[in-house]
Amino acid sequence: MPAEPWTLADFDFAAQPGVDEKLIRDLATLRFLDDASNVLFVGPPGVGKTMLATALARAAVEGGHRVYFTTAADLAAKCHKAALEGRWRTVTNFFAGPKLLVIDELGYLPLPEDGASALFQVINQRYLKSSTILTTNVGIADWASAFGDATVAAAMLDRLLHRAAVAGIDGPSYRLRGHRNQAYNLRAAVNSRTS
């Protein structure tokens, strides 16, 4: 999991009014793990997708569940390396094992040629057995072009969305908001000294 030990209490719902707080609070009950449902957080960079995924993953760990957190690029790289070394079955079994698999940053970096296929195979192996949380900056309608293979993208979405909660987040970036606040405070301090 990321170094930040975020919990749901750390998420500022007032700063992201587009987030369905009722949905997020329902997900925090972890009932979605009981029926192997998935969660997709979709939105631009900086809106809190990873924070929410981490908070849910942390709640799952605290609830006694096995959880693994990875980025889409790292998952694809591990699968590619395993395939080259003849360990494909071992790595897919590894990713199939946790009760919750969090795949962060899908779409931020281009996947290698076999990356979308590897991601599909991991999703397919977990389908109806275990839950996956996926964060992405790519809208669902754009997956075919983003991953370069319309068939694989459609098959992946078919499995992910069959039993899923989709939370679209469209709001200001937390990081940019922090930068704006810092710049405002600096200007205010400078102006008060010159007055």
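This is a predicted model: local features need pLDDT of at least 70, side-chain atom pairs count only at pLDDT 80 or more; totals for chains, interfaces and linings use all residues.

Trainee: Why does T70 count as buried?

Mentor: Buried means under 20% relative accessible area. T70 has 4% relative accessibility, so T70 counts as buried. T70 lies in strand β2 (residues 67-71). Leaving aside residues up to four places away in sequence, T70 touches L75, F95, L101, V102, I103 and D104.

Trainee: And why does Y68 count as partly exposed?

Mentor: Buried is under 20% and exposed is over 50%, with partly exposed in between. Y68 comes out at 21% relative accessibility, so the label is partly exposed. F95, at 1% relative accessibility, counts as buried.

Trainee: What makes the pair of F11 and F13 edge-to-face?

Mentor: A pair of aromatic rings is described by the distance of the centres and the angle of the planes. Centres have to lie within 6.5 Å for a pair, and planes over 60 degrees apart count as edge-to-face. The ring centres of F11 and F13 are 4.9 Å apart and the planes are at 70°, so this pair is edge-to-face. Both F11 and F13 are buried.

Trainee: What kind of aromatic pair do Y68 and F95 form?

Mentor: Edge-to-face: 5.8 Å centre to centre, with 70° between the planes. That pair links distant parts of the chain, with Y68 in strand β2 and F95 in helix α5, 27 residues apart. Y68, F94 and F95 form one aromatic cluster. The count of aromatic pairs comes to five.

Trainee: Which residues touch the most other members of the largest nonpolar core?

Mentor: L75, I103, W143 and M156, out of 27 residues in that core. Elements giving two or more residues to this core include β1 (38-42), α4 (72-84) and α8 (150-162). A second, separate core has 26 residues, among them L33, F41, V47 and A57.

Trainee: What does W143 touch?

Mentor: Not counting residues up to four places away in sequence, W143 touches L40, L106, L134, T136, V138, A153, M156, L157 and L160.

Trainee: How much of the chain is buried?

Mentor: Buried residues make up 41% of the 195 residues. The chain exposes about 10,100 Å², and carbon and sulfur atoms supply 53% of that.

Methods: Residues are numbered from 1 along each chain as its sequence is written. Side-chain values use heavy atoms; hydrogens and water are left out. Buried means under 20% relative accessible area, exposed over 50%, partly exposed in between (1.4 Å probe, protein chains only). Accessible areas come from the Shrake-Rupley method with a 1.4 Å probe; for residues, only the protein chains shown count as cover. Helices (H or I, at least four residues) and strands (E, at least two) are DSSP runs, numbered from the N terminus. Contact means heavy atoms within 4.5 Å. A nonpolar core is a set of buried Ala, Val, Leu, Ile, Met, Phe, Trp, Tyr and Cys residues joined through side-chain atoms within 4.5 Å. Rings of Phe, Tyr and Trp (its six-membered ring) pair if their centres lie within 6.5 Å; planes under 30 degrees apart count as stacked, over 60 as edge-to-face and the rest as tilted.
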